[in-house]
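Take a look at the fold below.

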Amino acid sequence: ALSHGMIPALLAALNAVDQSLVPSEFLTVLREHCGRLRDRNLTLVAELHVILEALERESVVAIAFKGPLMAELLFGDVGQRAPGDLDVLVRPEDVACVCRVLEGRGYSDSRGRALTSAQQRMYRNYQCEYLFMRSSDGMVVEPHWAFAQRQRAIEPDYRAMFDRALCLPLGGREVRCLAPGDLLLALCIHGGKHRWERLCWIRDIAALLARWPQLDLESAIDRAKSTGCARILLLGLAVSRRSAGVRLPVSIDRLIDRDQTLLALQQEVMMRLFDPAKPPDGDDNARVLGFAFRMRERWSDRMRYVLRTLLVPRLEHIEIVALPGPLLWAYYPLRWSRDYVALPVWWLVKPWFRAPPNRRAP
């Protein structure tokens with residue numbers, strides 16, 4: 001339950017059974033733990049309000065998603081979800097302003113190394129977020145301008161999402177958040193990126209569908225299909241149907257059941273979900289993943305994913321040298337020469353540079 005972020009759900013389930021069946025010490029520990037989760041989420045909500053007000057004064061439109069907002073929206077209780085980071089979605093042209101606001105509140109870029117303005121432009125070309133941390137209290141804020149790195153080739157219509165955004169109450173104030181259909185897609189993109197390895201993400205999908213039973217899933221799928229994200233969305237629905245007992249419309253069931261690739265992905269998720277021997281993912285952005293490849297229904301998106309993964313420079317390439325704006329294109333051949341020439345040669349000659357083993361004295 002801890003590793004899957006399910007302690008609040010576990011406590012809620014145990015509270016609903018005969019209390020004599022559960023050791024009182026165990027319930028006490030769970031309640032104390034959930035109390036700390038609620039307190040942390042309340043602190044996050046207060047900080048989110050302050051950040052959103054500061055951005056509003058700068059005329060920046062920011063949409064809150066994930067984090068403590070999800071607990072309030074989906075479960076009606078900020079204590080019903082383990083605390084995470086504060087996530088806000090902003091327009092790309094507002095990212096620099098958001099960074100200044102966060103720095104003014106004591107946050108610093110977690111990379112720990114300042115990039116030039118030209119390097120920042122290159123970084124934002126492939127990445128989808130910054131990660132800002134405040135050392136005084138461990139608070140983490142992630143301003144997003146996309147839901148996935150550019151190499152993933154996952155590109156929903158963000159402009160339309162901003163137009164459809166709603167204002168809903170959170171902690172006594174109204175907060176701009178994604179419309180239910182857009183939130184569903186955002187959660188499915190996040191879960192798909194990480195191969196749905198945590199049960200709490202599946203629980204979120206089930207809670208969202210229960211919270212908005214009137215949600216038009218067919219329209220949401222049609223919008224996702226127009227940007228090549230239909231299988232990503234359907235996979236999230238399929239996994240929630242399989243493991244959380246979610247009831248879907250018959251038309252959606254048929255879409256899922258006749259997609260053999262999607263069913264194979266669902267089976268892979270279920271096999272990994274509770275596998276204690278599953279290997280760590282490592283840097284999923286540094287290699288082409290079969291799961292991510294098959295998660296796309298259009299071959300054009302698959303090819304863009306492969307090519308961008310193999311060719312687009314990442315942070316480790318951008319940090320090698322600070323190039324001026326007119327020479328940003330040179331990061332591409334720099335990445336290719338480093339990854340496909342210098343590193344392979346180094347791995348070939350590396351054994352020749354190893355020190356000879358120490359001989360044992362007679």
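Strand E1 (residues 62–65) pairs with strand E2 in the antiparallel sense, over 4 bridges. Ala64 shows how the two line up: its bridge partner in E2 is Val88. Keep in mind that this is a predicted model.

E2 also has a neighbour in strand E5 (residues 139–144). Again 4 bridges join the two strands, but E2 and E5 run parallel.

Go back to the end of E1. The loop between E1 and helix H3 (67–75) holds Lys66. Its backbone deserves a look. Most residues other than glycine have a negative phi. Lys66 is not a glycine, yet its phi is positive, near 60 degrees. Lys66 counts as buried because its relative accessibility is 15%, and the cut-off for buried is under 20%.

A second residue of this kind is Trp196. It is found in the loop between helix H7 (180–193) and helix H8 (199–211). Trp196 has a positive phi of about 50 degrees, although it is not a glycine. With a relative accessible area of 1%, Trp196 is buried.

Next comes a hairpin. Strand E6 (residues 166–170) and strand E7 (residues 173–177) run antiparallel and are joined by 5 bridges. Leu166 has Cys177 as its bridge partner in E7. There are 2 residues between the strands of this hairpin. Gly171 sits in the turn, with a positive phi of about 60 degrees.

Now turn to the helices. Helix H10 (residues 230–244) packs with helix H11 (residues 250–257). Their axes are 10 Å apart, at an angle of about 105 degrees. The two are therefore roughly perpendicular to each other. Which residues of H10 and H11 meet? H10 brings Leu234, Leu237, Ala238 and Arg241. H11 brings Ile252, Asp253, Leu255, Ile256 and Asp257. By class, this contact has 6 nonpolar and 3 charged residues, with no polar ones.

Another helix pair is H14 (residues 299–311) and H16 (residues 331–349). Their axes come within 9 Å and cross at roughly 80 degrees. H14 and H16 are therefore roughly perpendicular to each other. On the H14 side, the contact is made by Arg308, Thr309, Leu310 and Leu311. On the H16 side, Tyr332, Arg335, Trp336 and Tyr340 take part. By class, the contact of H14 with H16 has 5 nonpolar, 1 polar and 2 charged residues.

Finish with the aromatic rings. How many aromatic pairs does a search of the whole structure find? The search finds 8. A pair of rings is described by the distance of the centres and the angle of the planes. Trp299 counts as exposed because its relative accessibility is 55%. Elsewhere, ring pairs link Tyr123, Tyr126, Tyr130, Phe132 and Trp145 into a cluster.

Conventions. Residues are numbered from 1 along each chain as its sequence is written. This is a predicted model: local features need pLDDT of at least 70, side-chain atom pairs count only at pLDDT 80 or more; totals for chains, interfaces and linings use all residues. Side-chain values use heavy atoms; hydrogens and water are left out. Axes are lines fitted to C-alpha atoms, for helices over the stretch in contact, and angles run from 0 to 180 degrees between N-to-C directions. Angles under 35 degrees count as roughly parallel, over 145 as roughly antiparallel, 65 to 115 as roughly perpendicular and the rest as oblique. Contact means heavy atoms within 4.5 Å. Ala, Val, Leu, Ile, Met, Phe, Trp, Tyr, Cys and Pro count as nonpolar, Asp, Glu, Lys and Arg as charged, and the others, Gly among them, as polar. Two strands pair if DSSP finds at least two bridges between them. Rings of Phe, Tyr and Trp (its six-membered ring) pair if their centres lie within 6.5 Å; planes under 30 degrees apart count as stacked, over 60 as edge-to-face and the rest as tilted. Buried means under 20% relative accessible area, exposed over 50%, partly exposed in between (1.4 Å probe, protein chains only).
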